[in-house]
Every structure is written in C-alpha cells, then in structure tokens.
Amino acid sequence: MSYIEFKDVCKEYKMGEITIKALDKTNFRIEKGELVVIVGPSGAGKTTALNILGGMDTVTSGEVLVDGKKVSELKNKKLIQYRREDIGFVFQFYNLVQNLTAIENVELATQICKDSLEPLEVMKKVGLEDRINNFPSQLSGGEQQRVAIARAIAKNPKLLLCDEPTGALDYKTGKQILKLLQDTARKENMTVLIITHNGAIAPMADKIIQFKNGKAEKITKNENPKPVEEIEW
Amino acid sequence: MKVKKALLKDSVKEIKVGYKRFISILLMALLGVGFFAGLRATSPDMVNTIDTYFKEQNVYDIEVLSTLGLTDEDITALENIENVENVYGTYSNDGLVKLENKENVVKILAIDDVNNPRLISGNMPQNSNECVVEEEFLNLIEKQIGDTVSIELGEDETSSEDEETKPFLKETNLKIVGTVQSPIYISREKGTSQLGAGKIDSYIYVPKDNIQSEAYTEIYITLENREKYETGSNRYNKYVEEVKQNIENIKEEREQARYQSLIDEANQKISEAEEEFNTQKQEGESKLQEARNTIESSKAQITQAENEVIQNEKSMNSQFSEAEKQLKNAKEVLNKNEAEYTAQKAELETTFTQAEEQKQSLQNTLNEIVVNLQTVEEKYNLVLEQLKKPDLSETEKSILEKAKAELETNKQQLETGKAQTEAGIQTIENQVTEGRNQLASAEAQIESGKKQIQSQEKTLNSKKASAKSQIESAKAKIEESKKELEAGEAELAQSEAEFQSKIQEAEGKLIDAKEEVNKIENPTWYILDRSDNAGYSSFIQDTESIENLSIVFPIVFFAIAVLVSLTSMTRMVEEERQEIGTLKALGYNTFHIVFKYILYASLACIIGAIIGMNIGFQLLPRIIWSMYEMMYTMPSIIVSFNYENAMLGLSIIYICIVGATIYAILREAKSVPATLLRPKSPKLGKRVLLERVTFIWKRLNFSHKVTVRNIFRYKKRFLMTIIGIFGCTSLILAGFGLKDSISKILPYQYENIFQYDMQVALKTTLTDEQRQNAITNLKENEKITDVVESKILSETAQNGENEEDVQIVIPESKEEIKKVINIIDLETEEKIECNQEGVIITDKLSELIDVKVGDTIKIKDSDGNEKEVKITNIAENYISHYIYMSKEYYENLYQEQYNTNVLFVKDNNLTEDEEEEISKEIIAKNEVSTISLTSNVLKTLDDTMNSLNYVVVILIVSAGLLAFVVLYNLSNVNISERIRELATIKVLGFYDREVYSYITRETILLTIIGIILGLIGGYFLNFYIIGTCEIDMLRFVKVIDPLSYLYAILITAVFSIIVNIFTYFALKKIDMISSLKSVE
C-alpha cells in the first residue's frame, strides 16, 4: 500500500444546470518521501486533485488515502485537523498575512501544530534568518515564497503541496525555490507535490504525473532525478 | 445611450450580487431617515393633533377673567374688537364631591358653544339636573353613567359683595348621563382651588340653565380666520398677541365700568339698606318709646294709686283717730262716771255699811228683842204654864199674873221695840235698796255707756280693719303693678339693649358694607391665552422637548450612516478596481464610471429612506404618543406624512451616503487605468506603537499581537466599530439611566424627603376648638406615632415671566416638621429649617422660574394677591414644587393669624389595609376634609412613571438596531476585505472556532473599547436627555444605577454576540479555493 493513494476519484462541480467534471476517475499513487511533479494544461484537474489531497476540497466519489487515512471520508473538524497536522501548502501568490512579519507568518502556522518545528530554525533553513522581522511587503517575491515554504514546512507536515510555486517568480528565483523544495524533500524525507504547467522542471521529480481532462493520464517514475541546478528551461 | 444602458444593467446586476452591501446601505438609510423623520414628525404631529382637537371643540383663543366677574357690556365691548369672531360669556365654579374618605374638588363648567367637551360615552345632558363628567372621575367616585352625584358648593368667598349669594347650581344632585374629555383640561394637573385639598381633581359639565350667577365668571374669545393658524405656531401666537393688545386697550375702561357699576349697585343697595335700616331703627325706636311710655304711665298710675292709698290711709287714720278720740272721750266720761259712781258707790257702800251696821245693830237689837221676846215669851209661856198649873198659887198666880202682866208688858214693849226696830230695819233696808237701786241704775247707766263704747269701739275696730285690709289690698295691688312695671322695665331694658345691639350690628354691617364698597378694588382683568392653560402649555412644552430630542438622535444615526456607507462603498470600489480600470481603459469617462456607483448608492439610499420615512412617520409618533397618552386625555394622535421632514431626511441621508460614495469612488477613479488594473497592493503591514513598548509586547501572546496589529491596520473600521458600539452602549445606558432617574424619584421624595404616611387636610371652617379636638384625637390614636401641624397654601410663584404652581408649607413648629419632612439644602446637603429672613424653595422651582438664593420672588394666591418673599435656601425635591416658610414669617407677611389646615401623620408601620381603615376612621370625623395616603400617592405616581419606560424601550430598540446594522455591516466588510487572509489561515488548518476568534478577537476588543467609551458617553447623554425631557413637575434624580451600567454592557454584548454568530457562519462559508485562486 502506497503512502498516498487516489482511487477512482471523481469531482463534479455544478454550475447552474451544467455539471463539470473536474476529476474523472483519477488514480495515482505516491510513496513516502517522493518528490512528485504534476504537470498538465489548465483545467486538467491538477489543482482540484491537489485541493482534494490537501483537504481543501471533497470528492464526489472515489477514495483518497494518505498514510492509511481515508481523507475522502473526513468531514468538518477532522478534515481541518488533517489540514492542520498533515498538510503544508505553498501557493503561487504566497498568501502571506500582510500584517505579520516573516517569522510571525511562520508562527501563525506553528502555533496550531503539535509537532511543529522551531520557526527560527526553519527560517534559517530557507535562508532568511536575516529577514525574519520584515513584513511581507518588505520582501521580494522569492523571499516571500520562501517564507511561505517555511510556513508550510514548519508545521512538519506529512505532505507538502505546492501549487505553481514559481508561477509568479522569475527564472532565477523560481529555481532557488524549486531547489529549496527538492532539498526539503531529500533532507527531511518529506513527500512533496508540485503542480506546474512547466513540464521542463519535471526531471527534478521522483515521479511525474501528467494530467489531462481530469485524469492522471501518465505516471512516470524517474529513477534518476536531476538536481534543480542542472535543469534549464 | 447604449453605454448607459449597459452600465444600468451592470448596476442592477451589482445589486443582485452584492445584495448584502446594498441592504446594509438601505438599512442605514432606513434607520437614519426613519428615526429622523419619525422623531421630527412627532412634535408637529402632536401639535397638529391638539390643533385639530382644539379646532373641532371650538377652543378659545383668548380668555378674559376678571376679579369681579364680567358682564354683557363687556361682551359687547369685546365683540367690537378687531379680529374677534365670537365672544362667549360663561360660568364655572368649584364644588366638592364627597366620598367615604376623600373630598374631591371638581370644577363645575357650563356647557356652552365654546370649549366643547368631547363626548366619550353616553350623551350630553338634556335636562338641568343632568351632567357629564370626566371618564376618570367615574372611577374616582366609583360611579357609573346613570348614577347620581351630589355636588356640594363651597362657600362662595369670591363674590362677597353679593349678600344674598344664590347657590351657583340650582340642582346639586346631578344625574351622570355621559363621560367627556374637556379640551381645556387635558392634563392631570387641573389647577388650584379654594376648596378641599386645594387642587382640582376633576371637572363636571352642567347645562347652563342649572347655573345661577350674577356675572359671567369668564369670557372666551375665538378669533376670526383662526383655522388658518396652527396653535402654538409663532404666527398664531403673534396673531393672538395682537388681539390681546387690543383687548388690553379697552381693559381699563371696562374695568372702570365694571367697578362703577358694581359700586353703584352696591351703593344703591347700601342706601336701600340704609333706608331700611333707618326706618327699621325708627320703628324700633318708636316701639321702644311706646313701651317706655306705657311703662311711664303705668308708673304714674302706680304712684297715683300709691298716693291715693296713702291719702286714704291718712284720712282714714285721721277719721279713726277722731273716732278713737271721741271714744276715748266717751270712755273718759264713762270712766269719770264710773269713778264717780264708784266713789258714790263706795260712799253708798259706806252708807250701806253704816246702814247695814245700823241694820245690824237694829237686827242685833231686834235679835235681842227677839231673844228677849223669846225669853219673855218663854218666861211668859212658862208663866202661862205655871198659871195653868192648877196647884198654882194665886200669889204665885198673881205673882205669876203680875209676872204675866209684867211679862206681857215687857212683851208688848218688846213687840213694839221689835216693830220699831223692824221698821227701822225696814227703813234702812228701803234706804239701802233705794241706794242700791240708785247705784244699780247708775251702774246700768255706766254699763250701757260702757257697752255703747264697746260697740262703738268694735265698729271702729271693724271699720279700721276693713279700711286696713282695703289699704293693704290696694297696697298689694300697687306692689303687684310695681313688680309688673319692674318686669316691664327690665323687658324694656332688654329689648332696648337688644335693639341697641341689633342696631349696632346692622350699623356695623352697613359700615362694613360701606367699607366693602370702598374696598371694591378696581377689578382686574386677566387677559389670558391658551398658553396660560396648564395642560396646553405643558403639552406644548413636551412637544418642544421631543423636538429637542429629535435633533440629537438622528445625528447619531446619520453619522453612523455616513460611516457605514463610506466603508461599504469604499470596499465596493476597491473590489471593483479592475472593472473601473477596464472601463477607464475602454474610454468611459469618470462620470460614467461614477454613475454606476451613484446609482447603486442612490437606489439603496432612496428605497431605504422611503421605507424608513413611512415606517418612521407611522411608528415613532404613535410610540411616543402612547407614552404621553398616560399624561394627557386627548383624542389619539393624527399621524401624517410630513413632506418637509421627509424631504429633509432624504436629502440629508442622500448627501451623506452618495457623498460618501462619490468620495470613495473619486479617490480610486482618478488613478490611471494601469494602476487600477494592477491589483491594489494590500494594506501594508506595519509595526504598531505598542511594539516599541517591549515589556508589554513581549507579554502578549502571538494571537494577541496579531489582533493588536490588525486593529491598528484597519483604522476606519476600528473607528466605526467603536463609534457604533459607543452609540449603542450610550443609548442603552441613557435609556436605563433615564429609567433609574425616574424610578428613584419616588423613593427619594417619599422616603428621603417626605416621611409622613398620610396627609390629613382639615376643613377650612373649623373653630380653634374643633381644630384642637381633631388634633388631639389623632394624637391619641395609638396607631399613630406623630402628628405634625402645618399650614399648606396652594399658590403661584412668579419671577418675571415665569410662573409655577407651588404648595407653600408653613409648619407650626420648625422642630416638629423635621419628624416628617427632611428639608435638605441642595448645596450643603445638610438639613435646614425655616427661618425668619425668607423662604426655602425647592430646586426645580428655582430652575424653572430662574432664581437663586438671595433673589426675591412673588407669590400669588388665586385671587391675584401678590406677596414678595426672599429666597434663603434651595432645597432638594423631586416631585412638584414647594415653598417652606416659617410661621413667624407667614404671620408677618400675610398679617394673618396662623391656622393649621394640614396634619402630617406618621403611623406605626401599618399595612396598607390598616392604613385604609384608619383613614376611614379619621375621615368619619367632621373636622377632616381629605386624607391622602402616601401609599396611594405612590401607586398613582408609579403608573405615571411607568409610562416613561417607553422612552427606555425606544432607546434600547434603536440602540440595538444601530448596533446590529453597524456591526453586521462592519463584519461583512471585514470578511470581504480580508477574505484571502482568512482563507489562508483556514488552509493552514485553523479550526472554525479559531478562525472565528482570530477575527472576532479584534471585534471583541473594539467592542470593549466602544462599550467603555459608550458608558462615558451614555452618562452624559443621559443628562442631556434628562435635561430635555424632564417634566416640569418632576426633578429627575441624576443617578445611574450600577446595574444599569451592567445592563448596558450586557445588552450591547448580546447585540454584538448576535452579529458575531452571523460572522461565525459567514466565516465558515468562506470558500478557501476560490478565495485563494483569485488575484487581488
């Protein structure tokens, strides 16, 4: 049994009278400690899958298992608890709380977790120990995204879910972020999922899942993932 | 105009989508305009109600009173004044209706064509022995329509120049045929009276034909074209004032005329009386004279009779003495004769004795002779015997013969001697007999003389006796008539005295009457208008205080409305930055862009305002009216759509909301499209001042730090929340504070100041003795602990224009009164007592007539007599107005003897029933006119006070609405503004509760700040409201109960909790995915 299992997951949205199938019997598996890149065109259902996996959305049918837990059947508080303890999220637009300093944004996450990491340590890990007392508006995009990653990993989650983490960043910064994510996965043995529409970064992953029309069309296992530094796009 | 059409569509769509925002703006407009228009309309509606009422009942515009009554000539004179339409002369008087334990003073009014009473039930009187009464009066005297009420007319002191005062009413037992409301007595306070307890309790209308009065007691005037003026308006007041001025001009002339006619009348009466008095006097005098004459003549008669008697007695006496003299003479003669006779007799007796002696001697001789003879005879017989003896010797015979012869000779001789002696005896005897006879005849003569005298004496005596008795009887008769005369004289003296005193009395009266005539002061006309009517003026005052309130409250709402719409619209514009940018980029000009938002705001504003004003116009006047309905008996309020206030309210709210919108939008729309198209940089995080105070900041936990930062981040919201909560709390606190103030009035007045349990009014007509009796009786009652004597006068205190009805309390002893009334100085808060220098007046009175310690005020009684008094202290007091005056000051001021008329009684902690019983017992005594139990007073007042609770309800409801709208709106804005942040923390795994507290912690903190400020604001608002809506009769206690602060806090908290519950669900509903996806 894999660490993460997506079994025949369907997700339908009702827009008035029309029903849109975002996910249509999606199946994939992810092992613990894997760095997974999910690629696919817009509207292929990658974000939906990530949201479901992150406990932000529910399935219409099918089953989602994370570390033996049936996430698809979690409701309300249990679902929140799952998000709280097991998931770290990184967004395209960082979603930092503007009113909090960098370290406070991290603290925002750690204060609600049991096994959280020391915020300062995490900040060091992401290389921002000098900027901990800066407000998001005082940080560059990359720095902000690093704070976001710090916030996500400080919770010591089982899963780190990243939705287009480099989407708003320039090439160089993007690379640094991806490096951080790869390092995190390797060093902390953390399971990391990265959504991207940029297929070029796929070689850094242990597993590449290609989405198309609400299905995980192609799952490729990469036996020799490349370090981010070596990837060019 | 395609462009506009598209925009219009967009606007309508906008409303559909952002309905919450639309509704919140609409609600603000609704509340703001509703309160503004409703409150502002209340006062005009009330004025309109009274105006309509007064017009329908044909209520006077001007009232003319005179101290000496009014006449038909006065009416004619008044009718000729410009703008006067109708003049009505009518009558009123005070009367008493007695109940078991109370005398009710009623105003008896004539049913006329003016001030028509409004029929409530039953019908108007048809006959002179019927009447209609005030509805409440029926309850008061426990009667029903159809029952009969007996009116006792007071002694008419007012028209004292009229000696043969006819009773004011012909019929005093009146059948109640209906109940009415009088337009001239709309309030509970109906003025003062000379009767009973000095206050008019109710009124009663009787047909004019049941009234007899020499002059009109009042004249009512209605003005021409008055339907064009609204009562109480400046125009109306001016109009009335002008006419009053004209009346003022004829006033003196009419006063003089009335004076003259009264004087003439009185003089004529006096001269008539004088004439009568004189004739009566003369008559009386002549009668007396006659009586005197009779007495005199009878006196003379008696004297004459007396004289006669004396004369008679005299003559009789002289007659008698004459007769007596004669008699005496006769007696003397007789006596002489007798003496002579006695002497003769004696002489004769001697003669007789001699004769007797002679006779004796003769007898003796005779006897000797006889003896001798006998012896001789014996010897002779012896001799004869011897001779016869045969043996006899002749010698012997011879000797015997011889002896015989010798003896015979001797015998012879003796015989002759005997004869001779016998003859001698015979002669003597004859002589004696003759002498005796002579004596006897003399004696007889004397005897007869004696007898004669005796008989004469007898007759004389009898004559004397009869004469004496005659005289005696005459004398007795005289005595009797003398006595009669005395009695007559005494009677005369008495009737003389009587006559004198009568005459004196009559003269005194005449003099008095003359003096009275001299005293007929120039009558004074009082030219009054409606504002002098207590009910009307307090009503108008109340409308003014509502008007004042209607200025402050809407300001709060408008301010909040502006803030709410400003934030809402700013938020809306911010959310639609991109659209604005797009439109701008597409080439729409600023006006077109602004148009959409203006349309949006205008629609919300106008719809809200129209709904609001309609609700407000209907609801608020009625609610406020229902509160005043308790105090005034009038027809229900006429609510109307007040265009002026509607338009004003609408304009204000429109300017506020649309102005705020335009401001918000212009701020954005002036940016270039490029800027607009870029997401607006979120509000930057900043360190707050508190962070620099590290020792505090360090102690705060993480979430608190966040809260503090957020609060300072959104200053506008911070401000609004605080203002909203502030408004809410302060309104509630003011409401409860008002209630506290009101509810404290009774205990303060009747526990702290007045400590008596009942107030017993004595009748005015008592003698000192009766009064003393009543007091002693009460004092002896064992259920009663204290009886304090006092005098209470109901008068009017005046300073310049201002006047107020007051009760003047004049305690008999300034020590005793302390047992029942605490007179507490307002400033020093110490107990004070009445003094010689001046009077103590109560606090509210000093405020109303605007005087302070050291000032002088006038006090007027119901006859218009004025006295000036100096104020020495101002005392704490809460209900009605009092002046405390010392007994000495009173006697000096009024130059009148002090008489107790009221007793303050304290009992032995009796229960209500016991008090009721004892009061019945007391009233049963004839000396007592009224008893008012403090417990009853408390009950009645309590009802009045309760009516004020409506104010509290209004305040709480409006505060709640305000709080709700503000908080709800803010919470919506807050959520929408921070939706990404909230979504983020939700994604981070905050539980719903944590998300909720993450955001509401701020709200709670702001609420707490708002509440604290609100408590302070409420404290002042409370005083403001107290200042504007305090009733003249009451002094509200400026105290807010700690519990009220608690209530204000709790109620505000409840409102904020309700809003927070909404927030909770709104937060729960936040869709993380879509919120995070969208780019700002």
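**Entry 1: chain B overall**

I looked up the secondary structure of chain B and found 25 helices and 21 strands, where helices are DSSP runs of H or I with at least four residues and strands are DSSP runs of E with at least two, numbered from the N terminus. The model is a predicted one, in which local features need pLDDT of at least 70 and side-chain atom pairs count only at pLDDT 80 or more, while totals for chains, interfaces and linings use all residues. Residues are numbered from 1 along each chain as its sequence is written, and chains are lettered from A and ligands numbered from 1 in the order in which they are written.

I then noted that buried residues make up 38% of the 1080 residues in chain B; a residue is buried if 20 or more other C-beta atoms lie within 10 Å of its own, exposed if 12 or fewer, and partly exposed in between, with C-beta atoms placed from the backbone.

**Entry 2: strand β11 of chain B**

I checked strand β11 (residues 216-223) of chain B, where 7 of the 8 residues are buried, so the strand is largely enclosed by the rest of the structure. Strand β1 (residues 62-70) of chain B pairs with β11(B) in the antiparallel sense over 5 bridges, and two strands pair if DSSP finds at least two bridges between them. In this pairing B:L65 has B:E218 as its bridge partner. Strand β2 (residues 84-90) of chain B also runs antiparallel to β11(B), joined by 6 bridges, and here B:V87 is partnered by B:I221.

**Entry 3: a sheet and a helix in chain A**

I traced an open sheet of 4 strands in chain A, with the order β2-β1-β4-β5 and antiparallel pairing. Its edge strands are β2 (18-30) and β5 (69-70), each of which pairs on one side only. Strand β1 (residues 4-15) of chain A is joined to β2(A) by 9 bridges in the antiparallel sense, and A:Y13 stands opposite A:I20.

I also looked at helix α1 (residues 46-53) of chain A, in which 8 of the 8 residues are buried, so the helix is largely enclosed by the rest of the structure. After α1(A) comes A:G55, whose phi is positive, near 75°.

**Entry 4: helices α5 and α6 of chain A**

I found that the axes of α5 (residues 141-154) and α6 (residues 171-188) of chain A come within 9 Å and cross at roughly 15°; axes are lines fitted to C-alpha atoms, for helices over the stretch in contact, and angles run from 0 to 180 degrees between N-to-C directions. The two helices are therefore roughly parallel to each other, a label for angles under 35 degrees, with over 145 counting as roughly antiparallel, 65 to 115 as roughly perpendicular and the rest as oblique. Residues of α5(A) including A:I149 and A:I153 meet residues of α6(A) including A:L180 and A:T184.

**Entry 5: where the chains touch**

Technical notes
Contact = placed C-beta atoms within 7 Å.
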